[in-house]
Amino acid sequence: MAATVLFTPAQCHRATATTSGRGAPSHCALAPGHRRPGRGSVRAVPPEQSSLPQAAAAAVYGTAGDVKAALYRALDGANRGIFGMTSAKRSEIHGLVELLESRNPTPEPTAKLQDKVDGCWKLIYSTISILGKKRTKLGLRDFISLGDFLQIIDVKQEKAVNVVEFSARALKILTGKLTIEASYRVTSQTRVDIKLESSTITPEQLMNIFQKNYDMLLDIFNPEGWLEITIN
């Protein structure tokens, strides 16, 4: 099970989301109106056991709102999980995601994309990981910082634009972004297939920094694959 949690920026709708996916590495996220499963392809990982058995956890958290509040608390300080966290913390987060998914009030989410998914979303958690040599080669230890991960979903056009923001401290805080455009198509009541269309890095100075390792960067954030959606 792979998980992505999204939160909408103030100018968009507010929400969280969880998604399970397969295939491609994850990128930003997709999202709709209120809480719903994130999209933005996620790298699939083996299920992790929750620190609480599902039945016990369900008794602790009376409503879906209680589960969401607990999930937000668990995510505090996690920095989206991208640079690693303890197995206990990741297990706690995944357990809460699974509990929230078990209370899914939308059995046919792909029929609700316009109402629930269309709009702009901000990633707050993902099973994407950038560790070890990859983090060093991309300069993400001390030279380049990750900013917001955003995803803009256009349901009518069946398009998703993912934006990963960066800043380069050594270049007078140069800011820029990786923009990935993808298309998707609904394949079932709960699933969409995602296809990469194009990618760009701006400004040119930032592209020059990533040029040597651009394939690695794109491999991390490439959205291609399929996404199983849960809308809460």
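Leu 138 sits in the loop between helix H5 (132-137) and strand E4. The model is predicted. Within it, Leu 138 is buried, because its relative accessible area is 2% and the cut-off for buried is under 20%.

What does Leu 138 touch, leaving out residues up to four places away in sequence? Its contacts are Ile 130, Ile 144, Phe 210, Asn 213, Met 216, Leu 217 and Ile 220. Take Leu 217 from that list. Leu 138 and Leu 217 are 79 residues apart along the chain, yet their C-alpha atoms are separated by 7.5 Å.

Now turn to the largest nonpolar core. It has 25 residues. Ile 130, Phe 166, Leu 178, Leu 217 and Phe 221 touch the most other members. Five elements each supply at least two residues of this core: strands E4 (144-154), E5 (159-168) and E6 (174-186), and helices H6 (204-210) and H7 (214-221). H7 gives the largest share, six residues.

Next comes a helix pair. Helix H2 (residues 64-75) packs with helix H3 (residues 87-102) at an angle of about 160°, and their axes are 10 Å apart. H2 is therefore roughly antiparallel to H3, since an angle over 145 degrees counts as such. The crossing of H2 past H3 is left-handed.

Which residues meet in this pair? H2 brings Ala 64, Val 67, Lys 68, Ala 70, Leu 71, Ala 74 and Leu 75. H3 brings Lys 89, Glu 92, Ile 93, Leu 96, Val 97, Leu 99 and Leu 100. Of the residues in this contact, 11 are nonpolar, three are charged and none is polar.

Note on methods:
Residues numbered from 1 in each chain as written. Predicted model: local features only at pLDDT ≥ 70, side-chain atom pairs only at ≥ 80, totals over all residues. Heavy atoms only, no water. Axes fitted to C-alpha atoms, helices over the stretch in contact; angles between N-to-C directions. Helix = DSSP H or I, 4+ residues; strand = E, 2+ residues; numbered from the N terminus. Parallel < 35°, antiparallel > 145°, perpendicular 65-115°, else oblique. Left-handed = near helix turned anticlockwise from the far one by under 90°. Contact = heavy atoms within 4.5 Å. Nonpolar A, V, L, I, M, F, W, Y, C, P; charged D, E, K, R; others polar. Core = buried A, V, L, I, M, F, W, Y, C linked by side-chain atoms within 4.5 Å. Buried < 20%, exposed > 50% of the residue type's maximum accessible area, 1.4 Å probe, protein only.
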